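Please examine the sequence and the structure shown below before reading on. The paragraphs that follow lead through one part after another.

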Amino acid sequence: MARLGINQYGKAETHLVRVVRDAPAHEVRDLLVSVALSGALEAVHLDGDNSAVLATDTQKNTVYAFAREHGVGTPEAFAALLARHFVGGAITRARVEVREVAWTRLSDHAFTQASSEQRVAVVVAEADAQWFVSGLSGLVVLKTTDSEFHGFPRDRYTTLAETDDRVLATEVAARWRHDGSADFGAARAALLECFAAHHSLSLQQTLYAMGSAVLDACPGVAEIRLSMPNKHHFVVDLSPFGLENPNEVFHADDRPYGLIEGAVVRDGAPEAGPVWDPYPLV
Ligand SMILES: O=c1[nH]c(=O)c2[nH]c(=O)[nH]c2[nH]1
């Protein structure tokens, strides 16, 4: 005997480009929208009864139609509008994730994609509750000094030299859960200002400082989770060529990389509910 375990389904990564063209200066919004629905879907899986299945094709069409009818607004607002729409009948929970890349204006109607940084919004809706996560991925930052790493244990496999002056670089992925009120721009600014200002004794310490800075800047944020690969910059040994290298020439290695991850949780934060829980397989 077996039973159906956790399950969800939906259209992933609908690539929506919405142009606002009611003024001479057009606007471009570029979103990947992913929908995941769950609820009383046993008959679908066990019996092939599709009477409760809102086709993923229909979900995709709804994304495009809502963009036309309602506009996009903030990623959080668009995700919430869609998530609430999909809840009903057999569907008791909808999770909508929006990932947006920015287009930078060149003229009234020409744009360039300056960065692959993504702004992220996730809304999980049930009939009488909703949960919010906002965040970003692909925020690449580097500082040329103000970073040390020493005091770590040495065993027979340790070759890394201690340093009191190194390049520190990372690609920040951050997600903060909040009550719907968090100002994305304030959170992003807090991450960047803290990275720039913080005198780092490790990437772990910098991660905690950056997370704390977001909690300080955004009262509606209950918890922030950060994932920060250490984009190593190794000082090239130029001594074979009779040259000194006082932290000026580096080999930037792409892999392997240290992966530093952690959460900063506000004292007394409410329970997270289902907002962190995408399907856990992938
Ligand atoms: O900031 C760092 N944290 C580490 O855990 C680590 N490990 C390592 O080799 N270099 C670094 N740097």
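**From one residue to the whole chain**

Asn230 is partly exposed, as 18 other C-beta atoms lie within 10 Å. On this scale a residue is buried if 20 or more other C-beta atoms lie within 10 Å of its own, exposed if 12 or fewer, and partly exposed in between, with C-beta atoms placed from the backbone. The model is a predicted one, in which local features need pLDDT of at least 70, side-chain atom pairs count only at pLDDT 80 or more, and totals for chains, interfaces and linings use all residues. Residues are numbered from 1 along each chain as its sequence is written.

Asn230 lies in strand S9 (residues 221-230). Helices (H or I, at least four residues) and strands (E, at least two) are DSSP runs, numbered from the N terminus. Apart from neighbours within four places in sequence, Asn230 is in contact with Thr170, Leu203, Tyr257, Gly258 and Ile260; contact means that the C-beta atoms of two residues, placed from the backbone, lie within 7 Å.

Which residues surround the ligand? They are Phe149, Leu160, Ser202, Leu203, Gln204, Asn230 and Gly258. A residue is near a molecule if its C-beta atom, placed from the backbone, lies within 6 Å of it. This shell consists of 3 nonpolar and 4 polar residues, with no charged ones. Here Ala, Val, Leu, Ile, Met, Phe, Trp, Tyr, Cys and Pro count as nonpolar, Asp, Glu, Lys and Arg as charged, and the others, Gly among them, as polar. Gln204 belongs to helix H5 (residues 203-217) and is partly exposed, with 16 C-beta neighbours inside 10 Å.

The unreviewed UniProt entry annotates Thr56, Asp57, Phe149, Arg166, Gln204 and Asn230 as "binding site". These residues do not all gather at one spot, because they span 175 residues in sequence and the farthest two C-alpha atoms are 51.2 Å apart. UniProt positions follow the numbering used here, feature names are shortened, and annotations may be inferred rather than shown by experiment. Asp57, found in helix H2 (residues 56-70), is exposed, with 9 other C-beta atoms within 10 Å.

Attention now turns to helix H3. The buried residues of H3 include Phe78, Leu82 and Phe86. The buried residues of this helix pack against strand S2 (27-39), H2, strand S3 (91-101), strand S6 (118-126) and strand S7 (129-143). After H3 comes Gly88, whose phi is positive, near 155 degrees.

Finally, the protein is divided into domain 1 (6-127) and domain 2 (135-270), with bounds from an automatic or database domain assignment. Their centres, taken over C-alpha atoms, are separated by 31 Å. The contact between them takes 5 residues from domain 1 and 7 residues from domain 2. On the side of domain 1 that touches domain 2, there are 1 nonpolar, 2 polar and 2 charged residues.
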